[in-house]
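This note is intended for a colleague who is meeting the structure for the first time. Please read the points below with the structure in view.

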Amino acid sequence: MKNVNIGMIGYGFMGKAHTNGYAQANHFFKLGHKPVLKALCARNAEKAQEFADNWGYESIETDWRELLKRDDIDAVDICVPNNLHKEISIAAAEAGKAVLCEKPLAIDVAEGEAMCEAVEKAGVPNMVWYNYRRVPAVSLAKQIIDEGRLGKIFHYRANFLQDWTINADVPQGGAATWRLDAEAAGSGVTGDLLAHCIDTAIWLNGNIKDVSAMTETFVKERMHAETGKKEPVTIDDACMFHCHFENGSLGLFESTRYARGHKALNTLEINGEHGSLAWDLHDLHRLQYFNYADDGIVRGWRDVHVSDGDQPYMGNWWVPGLNIGYEHSFIHQVADFLKSLDEGKPVHPSFRDALETQKVCDAVLKSAKERAWMDV
Ligand SMILES: NC(=O)C1=CN([C@@H]2O[C@H](COP(=O)(O)OP(=O)(O)OC[C@H]3O[C@@H](n4cnc5c(N)ncnc54)[C@H](OP(=O)(O)O)[C@@H]3O)[C@@H](O)[C@H]2O)C=CC1
Ligand SMILES: O=C1CO[C@H](CO)[C@@H](O)[C@@H]1O
């Protein structure tokens with residue numbers, strides 16, 4: 001068994017989800033590499049130490065540059081706001097570390113290209129945490145599509161709907177609400193939510209050729225958490241786009257933080273000549289499948305409960321019929337990263353894969369701004 005010493009940057013939502021992945025992966029998957037929780041880095045030493053103590057990190061750092069100087073760190077995991085992804089990733093690659101970066105890859109394509117060049121020049125393992133690929137029902141959708149069971153694809157549609165910013169008193173900027181600040185986040189729902197849908201869409205249905213988009217910012221001014229002053233809001237609160245895929249199918253995507261009642265309604269549907277598939281994060285262990293080849297008298301949507309050992313990842317978990325959840329997508333991604341080290345192969349999505357999603361996000365935002373179709 002070979003150790004992989006992890007230097008985690010950030011103790012927030014994703015710091016926790018990934019650390020849980022490192023803690024669990026080797027308990028459930030047979031692997032030749034094992035993560036070691038070597039160091040946790042964040043600016044607030046007290047909170048960093050508390051997190052390190054709770055999860056078992058051996059040490060803390062309060063400056064990521066110091067973390068990168070350490071010889072005892074093999075892989076750097078970047079779980080910080082989006083505007084820090086580029087600088088840390090490039091410095092980590094130059095320091096010879098494996099780089100595991102949260103989504104979206106970067107603020108824009110120019111940053112993403114520089115990041116791809118850095119990891120490729122350094123020849124270091126690299127991965128972006130588009131975790132929804134590793135929900136077993138979504139992986140099963142990939143398998144069904146790749147086996148050709150849907151035939152020629154005509155339509156792909158996806159949503160990611162939330163409702164947490166409807167209140168105009170929600171501030172922008174600062175530790176809790178950096179997602180509303182364009183400087184820290186790059187964009188609003190496009191980079192934060194639609195990026196997931198786009199990554200999954202490209203994985204399942206191939207590259208997107210061109211897009212036509214509209215965005216809206218419903219609350220025009222919000223107090224900035226750091227300055228205490230009302231400032232214009234420059235992120236997109238909602239985004240809708242349609243597109244052509246390279247395989248000739250049509251795509252329709254919608255995301256918003258203003259869909260009252262929806263917390264994380266991440267859905268996808270794909271319609272082909274021979275069948276269709278549909279999935280919904282709120283019911284993540286189910287895959288809906290319609291197969292036109294079924295005998296006419298019983299033909300209809302099948303509700304496949306993805307929990308059987310024959311289905312992706314599920315042989316590593318409990319017995320058929322027992323569900324796993326959101327956190328397992330991160331455990332699976334850690335397991336796949338470790339397996340890639342065992343086999344000496346790249347893991348996906350790589351930085352280069354995530355750059356394709358970044359290109360779509362940039363084209364979507366440009367299309368909305370210019371009110372015109374945009375090539376990706
Ligand atoms: N794959 C997925 O489904 C998800 C992905 N994400 C992505 O993960 C990333 C992080 O999001 P999330 O975990 O929600 O963010 P949080 O706001 O929960 O946590 C951010 C962390 O970053 C640390 N941090 C901020 N600035 C620095 C700095 N300069 N140096 C070191 N640490 C810093 C903060 O600690 P401190 O203030 O002490 O420095 C904090 O621990 C984002 O890119 C986001 O898009 C988020 C949620 C889900
Ligand atoms: O998947 C996700 C769920 O929502 C979060 C925001 O609330 C996103 O940042 C994240 O990527």
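1. Two residues are taken to be in contact if their C-beta atoms, placed from the backbone, lie within 7 Å. By that criterion, 37 residues of domain 1 are in contact with 38 residues of domain 2. On the side of domain 1 that touches domain 2, the elements giving two or more residues are α1, β2 (33–41), α5 (109–122) and β6 (126–128). Helix α1 provides the largest share of that side, eight residues. By class, this side has 23 nonpolar, eleven polar and three charged residues. Here Ala, Val, Leu, Ile, Met, Phe, Trp, Tyr, Cys and Pro count as nonpolar, Asp, Glu, Lys and Arg as charged, and the others, Gly among them, as polar.

2. The model is predicted: local features need pLDDT of at least 70 and side-chain atom pairs count only at pLDDT 80 or more, whereas totals for chains, interfaces and linings use all residues. Residues are numbered from 1 along each chain as its sequence is written, while chains are lettered from A and ligands numbered from 1 in the order in which they are written.

3. The domain assignment, which is automatic or taken from a database, gives domain 1 (2–131) and domain 2 (132–375). Taken over C-alpha atoms, the centres of domain 1 and domain 2 are separated by 23 Å.

4. Ligand 1 is surrounded by 24 residues, counted when the C-beta atom, placed from the backbone, lies within 6 Å of the ligand. The closest are Gly10, Gly12, Arg43, Asn44 and Glu102. Helix α1 (residues 13–28) gives the largest share of this shell, three residues. The shell around ligand 1 comprises 13 nonpolar, six polar and five charged residues.

5. Helices (H or I, at least four residues) and strands (E, at least two) are DSSP runs, numbered from the N terminus. A residue is buried if 20 or more other C-beta atoms, placed from the backbone, lie within 10 Å of its own, exposed if 12 or fewer, and partly exposed in between. In helix α8 (residues 189–205), 17 of the 17 residues are buried, so α8 is largely enclosed by the rest of the structure. Just after α8, Gly206 takes a positive phi of about 90 degrees.

6. Ala278 lies in strand β14 (residues 275–280). Ala278 counts as partly exposed because it has 17 C-beta neighbours inside 10 Å. Leaving aside residues up to four places away in sequence, Ala278 touches Glu269 and Gln288.

Notes
The bend at a residue is the angle between axes fitted to the seven residues ending there and the seven starting there.
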